[in-house]
Amino acid sequence: MTDQSSFTAEAAVADGALLVAFANGDPTAAQALSSQVLPRVLGQAFRMLQDRAEAEDVAQEAMLRLWRIAPDWRQGEAQVSTWMYRVVANLCTDRLRRRRGRVGMDQISEPIDPTPGPAQSLQTSTRMRALSDALATLPDRQAQAVSLRHLEGLSNPEIATIMDISTEAVESLTSRGKRSLTAVLADRKSELGYTDEQD
Amino acid sequence: MNRTDSDIIFDDLFENARGADLKPTDDLMARVLADAETVQSGCAPAPIVRVQKRRHWFQELLGGWPVVGPALAAGLTGLWIGISPPVSVESWMMTITGSTQTVSFLSDTEALLYEELSDG
């Protein structure tokens with residue numbers, strides 16, 4: 001589960017202060033802030049995309065946008081973590097949208113990074129990729145809400161802040177998204193190695 | 001397949017997909033920090049604003065001192081050549097025109113001070 005400390009007040013102040021220091025030319029701020037933020041960003045991207053190379057591209061792009069916005073950053077008005085969740089979610093849904101055209105949902109795409117070793121590991125990575133491909137079938141906002149809720153473990157109020165919508169809208173998006181995903185994945189249960197206990 | 005099994009699959013998949021944050025590779029960190037350095041070098045210091053002075057109409061006509069300077073130099077050189085032409089120039093002029101001509105910007109008295117023996 002993602003470290004929820006990203007939403008603590010202390011972490012928020014620290015990240016914001018480092019970003020302001022970066023904007024003021026502090027040569028050490030980028031390293032310090034990257035050490036804090038980059039693992040979270042990379043993790044979020046990988047959980048949505050299940051592709052290390054794509055996740056790294058998204059992470060690098062998200063950090064680049066953070067550097068660029070630094071001069072305009074206002075301490076106290078927003079949290080770096082909130083802003084980064086939003087940027088990464090948008091970048092990931094951009095990638096998933098492109099994937100829709102490449103992977104037909106009547107087939108399961110091969111995992112990009114198959115883990116050599118036991119068959120179970122390969123099955124796990126296949127399932128993870130299938131989950132990511134299933135997210136790609138959803139409208140962007142549903143995919144983002146479902147990912148933030150079920151992959152990042154964020155609360156509905158936190159997701160509402162990130163997506164700049166109401167809590168009720170988050171509940172609606174996650175509910176519809178989960179229903180659609182469940183239907184897509186249920187059609188693949190045998191391919192994904194899930195057996196019906198009633199068989 | 002009943003709804004409960006679907007929920008189980010959904011929960012199982014998402015539980016497996018959640019994981020600890022990934023450790024960035026050294027290569028990725030290096031790329032991120034390189035981007036930061038590029039952006040930071042563009043952020044600070046504040047750019048120097050050059051105050052554009054009003055240009056004389058003459059400068060505007062010719063396109064500014066970068067143009068006026070060489071033009072002025074060329075003009076002065078030509079003036080000097082006319083006042084004190086090198087022998088080669090005189091020879092060339094005699095070839096072209098049959099004679100050399102001297103344009104004097106000096107008074108007659110002053111011109112006597114600079115009279116060239118070869119003037120003609």
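The model described here is a predicted one, and the values reported below were computed from it. Chain B contains six helices and zero strands, so that its pattern, read along the sequence, is α-α-α-α-α-α. Of the 120 residues that make up chain B, 18% count as buried.

The two chains meet in an interface in which 44 residues of chain A are in contact with 32 residues of chain B. The size of an interface is often expressed as the accessible area that is lost when the parts come together. Between them, chain A and chain B bury about 3,600 Å², with 67% of that area on carbon and sulfur atoms. Polar contacts are found as well, the count between chain A and chain B being nine residue pairs, with both residues of a pair at pLDDT 80 or more. On the side of chain A that touches chain B, at least two residues each are supplied by α1 (9-23), α2 (29-49), α3 (52-69), α5 (119-135), α6 (140-150) and α8 (167-186) of chain A. Of these helices, α2(A) gives the most to this side, with 11 residues. Sorted by class, the side of chain A that touches chain B has 21 nonpolar, 12 polar and 11 charged residues.

Side chains of opposite charge can pair when their charged atoms come close. Across the interface of chain A and chain B, two salt bridges are found. One salt bridge between the chains joins B:Arg31 to A:Glu56, with the closest N and O atoms 3.1 Å apart. This pair crosses from helix α2 (residues 26-43) of chain B, where B:Arg31 lies, to helix α3 of chain A, where A:Glu56 lies. B:Arg31 counts as partly exposed because its relative accessibility is 25%, whereas A:Glu56 counts as buried because its relative accessibility is 12%.

A:Glu56 also takes part in a salt bridge within chain A, where its side chain meets that of A:Arg52 at 3.2 Å, N to O. Both A:Glu56 and A:Arg52 lie in helix α3 of chain A, four residues apart, which is about one turn of the helix. With a relative accessibility of 24%, A:Arg52 counts as partly exposed.

Over all chains, the structure holds 15 salt bridges. Among them is the pair formed by A:Asp15 and A:Arg40, whose closest N and O atoms are 3.0 Å apart. This pair links distant parts of the chain, with A:Asp15 in helix α1 of chain A and A:Arg40 in helix α2 of chain A, 25 residues apart. Both A:Asp15 and A:Arg40 are buried.

Two residues of helix α4 in chain A were also examined. A:Thr93 is placed in helix α4 (residues 80-102) of chain A and counts as buried because its relative accessibility is 2%. A polar atom of the A:Thr93 side chain lies 3.0 Å from the backbone oxygen of A:Asn90. When residues up to four places away in sequence are not counted, A:Thr93 touches A:Met48, A:Asp140, A:Ala143 and A:Gln144.

A:Arg86 likewise has its place in helix α4 of chain A, but this residue is partly exposed, with a relative accessible area of 33%. With residues up to four places away in sequence left out, A:Arg86 touches A:Thr161 and A:Ile162. The side chain of A:Arg86 reaches the backbone oxygen of A:Thr161 at 3.3 Å. A:Arg86 and A:Ile159 are 73 residues apart in sequence, while their C-alpha atoms are 9.2 Å apart in space.

Terms used. Residues are numbered from 1 along each chain as its sequence is written. Chains are lettered from A and ligands numbered from 1 in the order in which they are written. This is a predicted model: local features need pLDDT of at least 70, side-chain atom pairs count only at pLDDT 80 or more; totals for chains, interfaces and linings use all residues. Side-chain values use heavy atoms; hydrogens and water are left out. Contact means heavy atoms within 4.5 Å. Buried area is the accessible area (1.4 Å probe) that two parts lose on being put together, summed over both. A salt bridge is a side-chain nitrogen of Lys or Arg within 4 Å of a carboxyl oxygen of Asp or Glu. A polar contact is a pair of N or O atoms within 3.5 Å; within protein, one must be able to donate a hydrogen and the other to accept it, and residues adjacent in sequence count only if both atoms are side-chain atoms. Ala, Val, Leu, Ile, Met, Phe, Trp, Tyr, Cys and Pro count as nonpolar, Asp, Glu, Lys and Arg as charged, and the others, Gly among them, as polar. Buried means under 20% relative accessible area, exposed over 50%, partly exposed in between (1.4 Å probe, protein chains only).
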